[in-house]
Amino acid sequence: MTAMDDRPPEAGALISELEGHLLIAAARAEGRAEAVRFTRSLTWLTDTQREEVEARYQETYLALTRRSWERTAQRGRELRVEYEERYRSLRRRLCAGVLLCAALALMAVVLATVPNGWGV
């Protein structure tokens, strides 16, 4: 909620923000765990070196995770555009088919009600 806006924030926006924070926290925890696992095999490192390697590993892990999320989000946007266009195309075809069927039904009704075809 902003200072200038006294309205409560939308629930969906709050949930999305909370999910984002949880995803980031999970990615940080995964990065820390992977960093510790990686440095465990580097027995020759001093404690200071190990801490530095772990910190850099975590940074790299988070950067890679962020890029992966960005690519996934971009692809999601691309797919949304593709699917929306496909939906519009299918909807146009369906409307055209319904209109054609309605016109044919109307023509059949007219032909059935007029005796001997078009002549009266």
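With 5 residues, α1 gives the largest share of the lining of the largest pocket. This is a predicted model, in which local features need pLDDT of at least 70 and side-chain atom pairs count only at pLDDT 80 or more, while totals for chains, interfaces and linings use all residues. Residues are numbered from 1 along each chain as its sequence is written, and side-chain values use heavy atoms, with hydrogens and water left out.

A pocket here is an open set of points on a 1 Å grid, where a 1.4 Å probe fits, with protein on both sides within 12 Å along at least five of seven lines; lining residues have an atom within 4 Å of a point. The space in the largest pocket comes to about 170 Å³, a volume being what is filled by probe spheres set on the points. Both α1 (11-40) and α2 (47-113) supply at least two lining residues. Among the residues of the lining are Gly20, Leu23, Arg28, Arg66 and Trp69. Sorted by type, the lining has 5 nonpolar, 2 polar and 2 charged residues, with Gly counted as polar.

What about disulfides? Counting pairs of cysteine sulfur atoms within 2.5 Å gives 0 disulfides.

Technical notes: Helices (H or I, at least four residues) and strands (E, at least two) are DSSP runs, numbered from the N terminus.
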